[in-house]
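Subject: Structure handover

Hi,

Here is the structure I promised you. Please open it alongside this email, and then read on for what I found.

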Amino acid sequence: MSAARQAVEYAAEQLGFSALGVASADLDQGDALPRWLNDGCHADMQWLERHLPMRQNPALLLPGVRSVIMLTYEYPRRDVRCSPGSIARYAQGEDYHKLLAPKLADLDETLQFYGGSQKCFSDSGPVSERFFAAAAGLGWIGRNGLLVRPRGGSFCFLSCILTTLLLPTDRPMRNHCGSCHRCEQACPTHALVNGRCDARRCLAYWTIESKQLSAPIEIQKAMSGHLYGCDVCQEACPWNHLPSPHAVDPHLLMPARLAAMPETELADLPEDEWACLLANSPMRRTGSAHLRRNIHTFSDPTPS
Ligand code: B12
């Protein structure tokens with residue numbers, strides 16, 4: 001193994017990443033993404049269309065890129081919110097963008113020592129993170145469209161480092177979904193079809209990304225109780241029911257006050273208290289008006 005790879009692996013482990021894999025940067029991603037966009041599955045997330053050239057060619061992001069380092073970072077597997085109004089596990093604690101950026105900067109520094117130039121992202125740039133994570137042998141792309149690992153399931157963030165260094169690559173893993181379709185069957189809005197997620201039906205899209213003030217009635221009905229994001233397809237996955245060998249960073253755990261606060265109380269919270277309660281939360285990016293909309297409009301499936 002190269003010294004650079006050994007060094008970055010060691011540093012990543014010290015920083016709390018649960019796994020690291022490497023894929024070649026020039027892999028052919030096939031036409032899954034352009035087809036998904038052509039079919040309108042991205043709803044009104046126009047930025048995904050704009051990102052297409054960079055998604056298909058990482059050299060547009062980092063000239064001379066040769067390897068893609070993919071990393072996993074665990075988020076909580078248990079839903080701790082005891083009040084109505086579920087919050088997706090990934091969003092329960094501190095904002096992962098802020099938590100992971102300095103860690104990735106440390107890894108960048110390690111690789112610079114070996115002569116590499118890097119660009120780092122964690123759900124923050126136009127990189128096909130799931131594609132490269134699967135290519136780097138970290139897991140397989142499940143029927144819910146997520147990266148699933150035999151040890152740890154899908155409850156993890158993906159981060160990536162594009163580097164000009166030529167690092168030894170890993171082999172992709174076999175898909176172990178077999179004949180299991182539990183995620184597709186569990187999805188309350190039938191957003192999962194043929195291994196891909198149609199954002200126009202996905203509750204994560206409606207509660208996090210959509211800027212609209214109302215949703216189609218069948219989506220509103222299914223949305224009841226989902227305050228932010230949706231984990232139903234992950235909860236249904238048998239790989240998420242096996243014990244995980246990985247520890248979770250305490251920064252990603254939900255603050256006790258938020259865990260216990262009923263939806264109604266949240267909806268009526270004055271603006272300054274919202275700001276304080278969600279100061280470090282990824283939900284802050286969505287804003288309190290958006291969250292109030294989720295509670296009021298979407299939790300009440302009566303058409304107005
Ligand atoms: C847009 C987006 C969304 C959208 C659309 C979801 C979707 N499934 O695409 C919405 C808002 C709905 C969403 C929801 C969620 N998201 Co999201 N999302 C993204 C984002 C920014 C882009 C995904 C995208 O481009 N989708 C379009 C599809 C077509 O592209 P793709 O996922 O890259 O798929 C590739 C492979 O599948 C491959 N492929 C597929 N089939 C085939 C076949 C062949 C032959 C080949 C060669 C390749 C191939 O090619 C595709 C193109 O590269 C990524 C971050 C990133 N930059 O990648 C996070 C990301 C996928 N999201 C994530 C998470 C956690 C979620 C939620 C679980 C959040 C929640 N609890 O509410 C849900 C899960 C919903 C679901 N089942 O997908 C994590 C997933 C971690 C994991 N374990 O996989 C990511 C990776 C963010 C991160 N860095 O951690 N998300």
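Predicted model: local features only at pLDDT ≥ 70, side-chain atom pairs only at ≥ 80, totals over all residues.

Start with the overall layout. The C-alpha centres of domain 1 and domain 2 lie 24 Å apart. The domain assignment puts residues 3-78 and 90-163 in domain 1. Domain 2 takes 182-239 and 253-296. The two domains touch: 35 residues of domain 1 are in contact with 30 residues of domain 2.

Now the ligand. Which domains supply its shell? Domain 1 and domain 2 each give at least three residues to the shell around the ligand. In total, 35 residues surround the ligand. The closest are R55, E129, R130, N144 and L147. By class, the shell holds 22 nonpolar, 7 polar and 6 charged residues.

- S128: a polar side-chain atom lies 3.0 Å from an oxygen atom of the ligand.
- N144: a polar backbone atom is 2.8 Å from a nitrogen atom of the ligand. N144 is also among the closest residues named above.
- C230: a polar backbone atom is 3.0 Å from a nitrogen atom of the ligand.

Which elements give two or more residues to this shell? They are α2 (32-38), α6 (129-135), β7 (156-163), α8 (203-209) and α10 (232-235).

Strand β7 leads us to the sheet. It is an open sheet of 4 strands, in the order β1-β2-β7-β4. The pairing is antiparallel. The edge strands are β1 (19-24) and β4 (118-121), and each pairs on one side only. From one strand to the next, the twist averages 20 degrees.

Look next at the pair formed by β2 and β7. Strand β2 covers residues 67-74 and pairs with β7 in the antiparallel sense over 8 bridges.

Helix α1 (residues 3-14) lies across β1 and β2. It runs at about 145 degrees to β1. Helix α5 (residues 96-113) lies across β2, β4 and β7. Its angle to β7 is about 30 degrees.

Best wishes

Technical notes:
Residues numbered from 1 in each chain as written. Heavy atoms only, no water. Near = heavy atom within 4 Å. Polar contact = N/O pair within 3.5 Å; in protein donor to acceptor, adjacent residues only side chain to side chain. Nonpolar A, V, L, I, M, F, W, Y, C, P; charged D, E, K, R; others polar. Domains from an automatic or database assignment. Pairing = 2+ DSSP bridges. Axes fitted to C-alpha atoms, helices over the stretch in contact; angles between N-to-C directions. Contact = heavy atoms within 4.5 Å.
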